[in-house]
Amino acid sequence: MNEELLVLTLAYVFLTALLLLAVISGRLKWPVKAGLVVIALFFYGCSYVGWKQSQGWPSPTALPDKFLFHYAVIEEPDKQANRDGDIYIWLTDLKNDELDEKPRAFRIDYDQATHGAVEEALKKTKSGQPQLGQPSKRFTKPSDAKRKDALGQKSPLLNFTQVPDPALPEK
């Protein structure tokens, strides 16, 4: 458990004790006391959702404009279990062409073209070729025969390129 979660836990214990003290010893009417308890329960639910984001659960938010790809897990759709597929990607944001502090997990919806691109990037990363990624704009042009590939007519949601070799300074 990191320090932020410990501080949040202590803050909620303190606020709960304060609320119980107000409810038990206060001269408020019972409907007001019950309302305070319901509001406190609502905020506990909101904080649970916030804690999931701080504890490494995959973020459903948009991917950064440029990132360093680390790893991915691909869950294909299962029609028998009535489950849509997901692609989980671990990456480090490249803000101003510099690595962000820590990697982050993201979840994107399953797509066959993206599956192929992520799987290829994963193979290259495992073989020692780090990959840079960027989200791409989607397009579908059924009439354009050159854009058709084995995975269908959609372009992948992500584009990957190999990290360029560093430029050495002159002697």
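Trainee: Let's start with D78: what is its relative accessible area?
Mentor: D78 has a relative accessible area of 27%, so it counts as partly exposed. The cut-offs are under 20% for buried and over 50% for exposed, with partly exposed in between (1.4 Å probe, protein chains only). Keep in mind that this is a predicted model: local features need pLDDT of at least 70, side-chain atom pairs count only at pLDDT 80 or more, and totals for chains, interfaces and linings use all residues. Residues are numbered from 1 along each chain as its sequence is written, and side-chain values use heavy atoms, with hydrogens and water left out.

Trainee: And which residue forms a salt bridge with D78?
Mentor: That's R83, with the closest N and O atoms 4.0 Å apart. A salt bridge here is a side-chain nitrogen of Lys or Arg within 4 Å of a carboxyl oxygen of Asp or Glu. R83 is partly exposed, at 45% relative accessibility.

Trainee: Why would such side chains pair at all?
Mentor: Opposite charges can pair when the charged atoms come close.

Trainee: How many salt bridges are there by this rule?
Mentor: Three. Another one joins D86 to R107, where the closest N and O atoms are 3.0 Å apart. That pair links distant parts of the chain: D86 sits in strand β2 (residues 86-95) and R107 in strand β4 (residues 104-109), 21 residues apart. Strands are DSSP runs of E with at least two residues, helices are runs of H or I with at least four, and both are numbered from the N terminus.

Trainee: Is D86 buried or exposed?
Mentor: D86 counts as buried, at 14% relative accessibility. R107 is partly exposed, with a relative accessible area of 27%.

Trainee: What else does R107 meet in a salt bridge?
Mentor: D109, at 3.0 Å from N to O. D109 counts as exposed, with 53% relative accessibility. That leaves D86, R107 and D109 linked in a network of salt bridges.

Trainee: Switching topic, how many helices and strands does the chain have?
Mentor: Three helices and six strands. From the N terminus on, the order is α-α-β-β-β-β-α-β-β.

Trainee: And how much of the chain counts as buried?
Mentor: 23% of the 171 residues.

Trainee: What about contacts between residues 24 or more positions apart?
Mentor: They account for 59% of the contacts with a separation of 6 or more, where contact means heavy atoms within 4.5 Å.
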